Amino acid sequence: MVYKNGGNEINKKFKIIDPKKLPKRFDFTDKELFWRNIWEEKNIYSRKKNLSREKSFVIDSPPPTVSGSLHVGHIFSYTHQDIIARYKRMQNFNVLYPMGWDDNGLPTERRVQNIFGVRIDNNVPYIKNLNVSKEKKIQGIDESLPLVINRQNFIEMCHIITEKDELVFKDLFRRMGFSIDWQDEYATIDKKSRNIAQLSFLDLYKKNHIYQFESPTMWYIDFQTAVTQAEIEDREISGAYHDIKFGIENSESGIIISTTRPELLASCVGITAHPNDKRYKHLFGKTAISPVFFAPIPIFPSELVDMEKGTGILMVCTFGDQTDVLWWRENSLPLRQLFGSDGRILDIKFQSENKKENWISKKPEIANDNINKIKNKSLKQTKKIILEMLKINENSNDNNPALIAEPKNIQHPVRFYEKGDSPIEYISSRQWFVKIIDKKEQLLKIGNSINWHPDYMSKRFENWTKNLSIDWCISRQRFFGVPIPIWYKLDDKSEIIFDSVLLPNKDNLPIDPEIDCPEGFNESERGKPNGFIGETDVFDTWFTSSLTPQIVANWGLEGKDEMESVFPMDIRPQSHEIIRTWAFYTIVKSLLHNNSIPWKNVVISGWILDPDRKKMSKSKGNVITPIETIEKYGSDSVRYWAASARLGTDTTYDENVFIVGNKLVNKLYNAAKFVLSHESEEIYDLKDLDASFIEDLKELVKKVTNYYDKFQFAQGLQITEEFFWNTYTDNYLELVKKRVFNSTGDEKNSAVTSLRLGLSVMLRLLSPVLPTITDEIWSWCFSEENNSLSIHESSWPNEEDFLNFSNPATSNLLEIAMKGIRSIRQTKTLEGIGLGRPVEKIKISSKKNNLEALDFFIDDFSNASGCYDFIKEESDDEEFTTEIIIKTHNQL
């Protein structure tokens, strides 16, 4: 930059530092705390509200489940989105980078029950200012036993725990230097989120997208709640086939069925085999008789049966799995619900055949005697008892044991609730559903209009959507969740009229139907004849989490709605295993509420693997606490490790990568101390080698920017780091170092101008990944020169950084210089000569144009090589070969 002083032009003098006043090594512990405080005090990351949509970049950041247990996975993917947020701010976007906490649901309830030692029963009264230990003493309950408390007391405990957990997570994110705008903080159970979740329900109900129905439902017994298809995972477990002989009505023959679930025998309502199975074709249309309970059971064909599995013929129970549900519906089979919501066998009475009952037996006395032996038993206990019953002659159809062989041990996949320890079951229950099966084509179309990064992740969404078989069950029989905003009218016998629902006015949201009353009713009418009753179920946690774009945008909130300025959002960062849940359900909600995509891009991170390349998880006990890692290596080094992972790729926790990141931080620190310590003036008419460096730097900016625009920050980091080490510090700086020390005037000005521009550009290119060290170095000189308090308020490098600088006389000068220096270093190493030791004469060979190019920077080349006498020899080789002709006298 040139200033006018009277009639004279004066080049701008650079601000410099005294490196002796700086610590020898970068103290990341002190500086991390210092810069976190500066960023927060100066509101570096605060957005402006209600700007036009095109001026903002909006991130639908995932609200972590505040489980109270931190691991490196919590900082891995969040670093990825923070890098993108920082990059977009430097591109002058108004970045909306919120943070929420997913604090309701089963994991939280389980923690609270364990921490406080309580159990919930809404029939007990609410206790104000409850102290569990004191209340146990008052009631004479042993400290080791759970205290039974009211739902409202339990919810208060949940809030206490989650608020503490949120502080721990917030401290971790702060220590990692995440540039979150905390003015947009929310929790999925806070008042705003409850309001918007209930508004979502009312909107879907009004649009006829929601229905209530009593049907077979996937059920998690441990927590006595319905679960949905997306929350289920298959796990390989040990099991066994048990061969059981059924009788055939009016026949002395029988059939042998291999089953892994003999405990469901009493609920068997059908028997099926493949229509092409010659072994069983003659049985279709006939009736089998079960052992133990002597129930008549129809035999029918189904193409869904695997002829190779077991004996090729199987029981249809109500219900063992989703296929049982399908067969039950298609064949109009009776419903025999064997166990209740707690997994215990119900009080069942078998009737004779002339009774119009579901529980029919040809020998009701024996059947009832047997069923009473398993009443109130768990399914595990029932299996053991049934297997013993099958060994008793009187319980068979031919007076021989119906259990005809020893069990055959197998390994087989069984469906589990993803956050539980027990297999799921199916029971018939009344639940709320969102219609999605009839919208598959719409969902596929909208999914294809979103950009997935990496692209192949779109197939996961596509496959999941195509294979959906049931609507979305959104009701849960839990306590700490968003209440479903419904009341029911009661008839004159206080029975619920399920078709007569009462809805709240949206202006009154959020409401709790177990506490609040519907319009036109008062509390005295609750539970009374012709009165009302509140819905006791809460929403599935995904029902609320799928609304994160609407929650951040304050959808439907009068005077606060920002949908026009932030929706649809720009990116959804998340991991790949929740494409079928969070991504899918968010797309569902956006389609049904807004007829729009929720975001333009989905950015998918991989998993964290332990050193043995196994996925880190709390259940496996192989998680690593991030705080210890941050304290050992510094947050910039941890961020470097996370940023090195390409999107969609699983990444190993490797301390060697943290060490590499730490070396980069320290090299930046030391290089900056050298570059910024030399007095100089800024000039634009550069020496050819310096101009060539600027050309290469300009090309680097183009490539890195292109990677970042495609959210490929790992590739951008890689080429920036390679340029910093290989081009900037190892070669260019070494080539011009003596010119910086020993020359004056424009010779020195050109070198220092180029070095400083190179440092400024690379600091900005690295700042999204390494925010602390780059801001520290920036503050030494560049902050004042660029009138920006923080590097994170500066602009991303662009064409303007390179305006007015002269061009080199010929292309690729720096590349040629680096090739030549590399060859000389290799030759010196082979001959045992120190790289800094001078030599008298070197023969250097390469193509003619390379040799001619040396003349443009021969002084710098000589200084860096330690030789001032070269014999040039042309060759056909693009690379250089060198030979030391004369060593110095003390080396002879």
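Me: What should I know about the numbering and the model?
Reply: Residues are numbered from 1 along each chain as its sequence is written, and side-chain values use heavy atoms, with hydrogens and water left out. This is a predicted model in which local features need pLDDT of at least 70 and side-chain atom pairs count only at pLDDT 80 or more, while totals for chains, interfaces and linings use all residues.

Me: Why is the pair of Tyr-78 and Phe-173 called tilted?
Reply: Rings of Phe, Tyr and Trp (its six-membered ring) pair if their centres lie within 6.5 Å; planes under 30 degrees apart count as stacked, over 60 as edge-to-face and the rest as tilted. By this rule there are 47 aromatic pairs. The ring centres of Tyr-78 and Phe-173 are 5.0 Å apart and the planes stand at 35°, so this pair is tilted. Tyr-78 is in helix 2 (residues 73-90) and Phe-173 in helix 5 (residues 151-175), 95 residues apart. Helices (H or I, at least four residues) and strands (E, at least two) are DSSP runs, numbered from the N terminus.

Me: Are Tyr-78 and Phe-173 buried or exposed?
Reply: Buried means under 20% relative accessible area, exposed over 50%, and partly exposed in between (1.4 Å probe, protein chains only). Tyr-78 has 5%, so Tyr-78 is buried. Phe-173 has 0%, so Phe-173 is buried too.

Me: What makes the charged end of Lys-589 count as sitting over the ring of Phe-543?
Reply: The rule asks for NZ of Lys or CZ of Arg within 6 Å of the ring centre and within 35 degrees of the ring normal. The charged end of Lys-589 is 3.5 Å from the centre of the Phe-543 ring and sits over it. Arg-86 does likewise over the ring of Trp-39, at 5.1 Å from its centre. Phe-543 also belongs to an aromatic cluster, with Trp-432, Trp-452 and Phe-539 among its members.

Me: How do you know that the length of helix 19 agrees with its residue count?
Reply: The expected span is 1.5 Å times one less than the number of residues. Helix 19 (residues 688-709) has 22 residues, so it should span 32 Å; its end C-alpha atoms are 32 Å apart, which agrees. Its buried residues include Leu-697, Leu-700, Val-701 and Val-704. An α-helix has 3.6 residues a turn, so residues three or four places apart point the same way. What covers the buried residues of helix 19 includes helix 2, helix 20 (713-742) and helix 21 (745-766). Phe-711 follows helix 19 with a positive phi, near 60°.

Me: Why is the pair of Glu-562 and Arg-47 called a salt bridge?
Reply: A salt bridge is a side-chain nitrogen of Lys or Arg within 4 Å of a carboxyl oxygen of Asp or Glu. The closest N and O atoms of Glu-562 and Arg-47 are 3.0 Å apart, and the pair forms a salt bridge. The two residues are 515 residues apart. Glu-562 has 3% relative accessibility, so Glu-562 counts as buried. Arg-47 has 7%, so Arg-47 counts as buried. The whole structure holds 51 salt bridges.

Me: What makes Lys-698 partly exposed?
Reply: Its relative accessibility is 24%, so Lys-698 counts as partly exposed. Lys-698 forms a salt bridge with Glu-799, with the closest N and O atoms 3.4 Å apart. Lys-698 lies in helix 19 and Glu-799 in the loop between helix 23 (782-785) and helix 24, so the pair ties together parts 101 residues apart in sequence. Glu-799 has 42%, so Glu-799 is partly exposed.

Me: How do you know that Ser-422 makes a polar contact with Asp-222?
Reply: A polar contact is a pair of N or O atoms within 3.5 Å; within protein, one must be able to donate a hydrogen and the other to accept it, and residues adjacent in sequence count only if both atoms are side-chain atoms. The side chains of Ser-422 and Asp-222 make such a contact at 2.8 Å. Ser-422 is in the loop between strand 17 (408-417) and strand 18 (425-434).

Me: Why is helix 15 called mostly covered?
Reply: In helix 15 (residues 579-594), 14 of its 16 residues are buried. Just after helix 15, Asn-595 has a positive phi of about 50°.

Technical notes
Contact means heavy atoms within 4.5 Å.
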